[in-house]
Amino acid sequence: MKVVIQRVLEARVRIDGTIFSAIEKGLLVLLGIEDADTADDISWLSSKITQLRIFDDEEGVMNQSVKDVKGALLLVSQFTLHASTKKGNRPSYIRASKPDIAIPLYEKMIRQLESDLGTTIKTGVFGADMKVQLINDGPVTIIIDSKNKE
C-alpha cells in the first residue's frame, strides 16, 4: 500500500458537483492498493498514519498526531499512486489492484483507521470520478509505502 498524507486545514470530495465528504483540520490520505497488500499492511499503515507526529504543539514544534489534536481524517482511494512510468510517457497501472481485491482492503483500512482513531472517518467513493479540494497546512505532505518501511 502507498499513501500520500497531507496535513490540511480543510478538505472535501465532490462527486457530480455535490460535496460528498468534508473535513476541517486533519489529514487527507490518498490510498493506493496493490494485489500484494495484506492485513499486516493495513495495520502497520493505519498505526503510522494515526500516530504520525506532524501537528504543532504549543511551542510550534511538530510533535502531535492527528489523534492528539482530535483532527479529522479523509481517506480517498487512488489507484494512480501505483503508476509505473518506466516505459514511454503513458503511465501503466498494472500494479494497482482491481476492484474485487481493492474494495475489501479499502473497507478494512477504513475500519482500522476508525478503530485506531476512536472516531468515524470520512471517505470518498471507491472508483468514482472525484474532485478533491484541500487547503494544505504548511504545506506538510508525506509519502509512505508499506513495502518500503523507511
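Predicted model: local features only at pLDDT ≥ 70, side-chain atom pairs only at ≥ 80, totals over all residues.

Me: How many salt bridges does the count come to?

Reply: The count comes to seven salt bridges.

Me: Start with Asp56. Which side chain does Asp56 meet in a salt bridge?

Reply: Asp56 pairs with Arg7, at 3.8 Å from N to O. The two sit in distant parts of the chain, 49 residues apart: Asp56 belongs to strand β4 (residues 55–56) and Arg7 to strand β1 (residues 2–15).

Me: And Arg7, buried or exposed?

Reply: Arg7 has a relative accessible area of 6%, and the cut-off for buried is under 20%, so Arg7 counts as buried.

Me: What about Asp56, what is its relative accessible area?

Reply: Asp56 comes out at 39%, which is partly exposed.

Me: OK, next pair. What does Arg12 form a salt bridge with?

Reply: With Glu10; the closest N and O atoms are 3.2 Å apart. Arg12 has 21% relative accessibility and is classed as partly exposed. Glu10 is also partly exposed, with a value of 27%.

Me: Why is Arg12 at 21% not called buried?

Reply: Because buried requires under 20%, and Arg12 is at 21%.

Me: Which residue does Asp129 meet?

Reply: Lys131, in a salt bridge of 3.1 Å from N to O. Asp129 is exposed, with a relative accessible area of 57%, while Lys131 is partly exposed at 48%.

Me: Which residues do shared partners join into one network?

Reply: Arg7, Asp56 and Asp137 are joined that way, through salt bridges that share partners.

Me: Changing topic: Thr141. Which strand does Thr141 lie in?

Reply: Thr141 is part of strand β8, which spans residues 130–145. Its relative accessible area is 43%, so Thr141 is partly exposed.

Me: What is Thr141 in contact with, leaving aside neighbours within four places in sequence?

Reply: Val4, Ile5, Gln6 and Asn136.

Me: How far apart are Thr141 and Val4, in sequence and in space?

Reply: They are separated by 137 residues in sequence, and their C-alpha atoms are 6.9 Å apart in space.

Me: And Asn136, what kind of contact does its side chain make with Thr141?

Reply: A polar contact, side chain to side chain, at 3.1 Å.

Notes:
Residues numbered from 1 in each chain as written. Heavy atoms only, no water. Salt bridge = Lys/Arg side-chain N within 4 Å of Asp/Glu carboxyl O. Helix = DSSP H or I, 4+ residues; strand = E, 2+ residues; numbered from the N terminus. Buried < 20%, exposed > 50% of the residue type's maximum accessible area, 1.4 Å probe, protein only. Contact = heavy atoms within 4.5 Å. Polar contact = N/O pair within 3.5 Å; in protein donor to acceptor, adjacent residues only side chain to side chain.
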